[in-house]
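The sequence and structure come first.

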Amino acid sequence: MDVLDRLHLDVPVVQAGMGGGLAGPELAVAVAHAGGLGTLGLTAADRLRASIRRMRAEAPGRAVAVNLLMPFTRRRHVAVCVEERIDVAVVAFGGDRSLVQELKDAGIFVFTMVGNADQVRRAVHWGVDALIAQGAEAGGHLVGQAPALAFLPIARDLADGRPVLLAGGIATGADTRAALAAGADAVVAGTRFVLTHESGAHPEYQRRLVDAETTYRTMLFGMGWPDPHRVVRNAATHRWCDPSGTAKPVPQLINARSGLVARLGDVPPERIVRWQTPRLPLFSPAAPTRAMPAAWVDRTALYAGESVRRMGSVISARDAVAELAGAPV
């Protein structure tokens, strides 16, 4: 399968569908116009519907993709995707065969994110159309356990001919060329698109990423979230993590018993973050967006991949796609 042709792409570049307001229609539309796949992050179902319709109107002829972050996905999110006849769904951090079949029956091309061999086998059993192989160096929520280029051949061998996209450590055109040479069909980038003018990230969050010298794998921002994540340090991690990023025992205990938080429904992130403070070990997976005060950057997750150390500025989404595709910027 030629995945670029199937998804109406000019370049093998996919923008990760970062939730909580980071990857909204402004970013996805800009990426689509630049020839890549713009992906809408999960948000309240009514907002998601409006975002899908806006993308249809502002990027006609381009694929509309939605990232279904399963711990926070409800039946109404799936219903919106089916009713609006989106082109692509990314099933991430969960899912099952019946969900994949429901989406495929609606004509939707289904990706799932995988981070180890068992997850690849399960996704193939579900009947997904393609895989996103995530490396351990990726930012945000993590399933990746091995470096991206080490995991890629494992995923390809088990994919039964399905396209495999590579996520983790993608910052430049050289990274894209290395991934394609190693057998990837395209690349998926998140941090590079957080650092764009069109992203929903708070400017102070972006400044912290530009200045970052290292990242940390941690479970600190795990209230209602079952997996680790990669972030840069702030006041919350300084107080509640050791120098390696490992959360201290108290937040670990709280997070281990917080699964029901994910079932609260479509609560806007800013409403949850309002009650967070670096003084208390209660941290949701919310990231700081433009809608939040700058001070909230120290009480939220500053998601970033290891590639952030190779990014020195905030640029346009068009330039980000061109840079990742290896074109002159």
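Predicted model: local features only at pLDDT ≥ 70, side-chain atom pairs only at ≥ 80, totals over all residues.

1. Residues are numbered from 1 along each chain as its sequence is written, and side-chain values use heavy atoms, with hydrogens and water left out.

2. The largest pocket holds about 390 Å³ of space. A pocket is an open set of points on a 1 Å grid over the protein atoms alone, where a 1.4 Å probe fits, with protein on both sides within 12 Å along at least five of seven lines; lining residues have an atom within 4 Å of a point. Here the lining comprises 22 residues, and Gly20, Gly21, Gly24, Thr43 and Arg47 lie nearest the centre.

3. At least two lining residues of the largest pocket come from each of α2 (25-33), α3 (45-58) and α13 (269-273); helices are DSSP runs (H or I, at least four residues) numbered from the N terminus.

4. The second largest pocket has about 170 Å³ of space. Its lining has 14 residues, with Glu137, Gly168, Gly169, Asp175 and Arg310 closest to the centre. Two or more residues are given by α7 (148-158) and by α8 (173-181), and α8 contributes the most, three.

5. Thr191 belongs to helix α9 (residues 191-194). Its relative accessible area is 8%, so Thr191 is buried (under 20%, 1.4 Å probe, protein chains only).

How values were computed:
Points joined across faces, edges and corners; volume = space filled by probe spheres on them. Buried < 20%, exposed > 50% of the residue type's maximum accessible area, 1.4 Å probe, protein only.
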